Amino acid sequence: MLNEEQIAEYHNQGYLKVEQLFTPEEAGQLAAAMVRVIEQWGEETIGWVGPWRDRYLDEEDRLNTKAVFMHNPHHYSAVWGRVIFHEKMIACLRQLIDGPVQYHHTVLHAKPPELGTPFPMHQDYPFYPHDGPDFVDCLLHLDDTPLQSGALMVVPGSHKMGPLEHVLGPETAPHLPPEKFHPQIVESVAVPAARGDMVFFNYQTIHWSDCNRTDSWRKSVRFGYHSTAMRPVGRAEDDPHRIDPGNILERSSNIIVAGFRENEEEPAAS
Ligand SMILES: O=C(O)CCC(=O)C(=O)O
């Protein structure tokens, strides 16, 4: 599916865009099912909260951004269940991840028209920390996503820094401290995309995105997959973002989408 150059680009830069990995029919069907999920189950919020808002948004915009987030749309729609095994996506993952591949989660990040929420610079690692780097986030674009709609911005090569210290706490989504990591300080590149395009990125790659200032929705869905050799890492009891088995995002689904999970323990005597 991917050529040597693309695989090397993913490993060197920490991200790779594959155009039209999903056909227009597939993307259209998924988008229609997602609209139905949003209409029946979605809830509009202002987006991620936290002190980062003071550094990224004008005072007027701070409380007026709009977002719809939805975890695991396969809890509502079979189309979104089947796509976890999407043949071309899994074929790419087999080339990017060493050994058998395990599915972790799906999450929708939708930016409604006219001030869809931005995201601050962050790695995805603190949202679901694991004991290794072989975790790939796959961002499927359900709408055309030009720069003005708040396209994904990435810091090339930043995954090589490993897990970084984020601002954490009960009143904030995890994000990198803006005095050190802010789009005005750290250079990033835009990854505009079309409906059906997928961006693969390492969960340690620093990324962010700006407001959607167009009059169209900007919906993208992130699938997470990782090597079966990796395990979730816990955090201190008093850390509000510690691994919490009640939190759906922190619970791996354990579905094997490629290969076989070998039993590393001594087999029980029969
Ligand atoms: O959709 C975006 O622009 C960014 C979403 C994001 O930060 C993420 O998937 O972790």
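Modeller: Please keep in mind that this is a predicted model. Let us begin with helix H2, whose buried residues are covered by, among others, strand S3 (67–71), helix H4 (78–82), strand S4 (101–111) and S11.

Colleague: Which residues of H2 are buried, and what puts them on the same side of the helix?

Modeller: The buried residues of H2 are Ala27, Leu30, Ala31, Met34 and Ile38. Around the axis they cover an arc of only 105 degrees, and this puts them on the same side of H2. In general, an α-helix has 3.6 residues a turn, so residues three or four places apart point the same way. On the face of H2 turned away from the buried side we find the exposed residues Glu25, Ala32, Glu39 and Gln40.

Colleague: What makes us say that the buried residues of H5 line one face?

Modeller: In helix H5 (residues 87–96) the buried residues are Met89, Cys92, Leu93 and Leu96. Seen down the axis of H5, they fall within an arc of 100 degrees, so they line one face of the helix.

Colleague: Why is leucine 115 called buried, and why does asparagine 72 count as partly exposed?

Modeller: A residue is buried if 20 or more other C-beta atoms lie within 10 Å of its own, exposed if 12 or fewer, and partly exposed in between. Leucine 115, in the loop between S4 and strand S5 (119–122), has 20 other C-beta atoms within 10 Å, so it is buried. Asparagine 72, in the loop between S3 and H4, has 17 C-beta neighbours inside 10 Å, and therefore counts as partly exposed. Both have a positive phi although neither is glycine, with a value near 80 degrees for leucine 115 and near 50 degrees for asparagine 72.

Colleague: What makes the protein chain as compact as a globular protein of its length?

Modeller: The protein chain has 5 helices and 12 strands. Its radius of gyration is 18 Å, close to the 18 Å that the globule rule gives for 270 residues, so we conclude that the chain is as compact as a globular protein of that length. Of these 270 residues, 41% count as buried.

Note on methods: Residues numbered from 1 in each chain as written. Predicted model: local features only at pLDDT ≥ 70, side-chain atom pairs only at ≥ 80, totals over all residues. Helix = DSSP H or I, 4+ residues; strand = E, 2+ residues; numbered from the N terminus. Rg over C-alpha atoms; globule rule 2.2 N^0.38 Å. Arc of directions from axis to C-beta. Contact = placed C-beta atoms within 7 Å.
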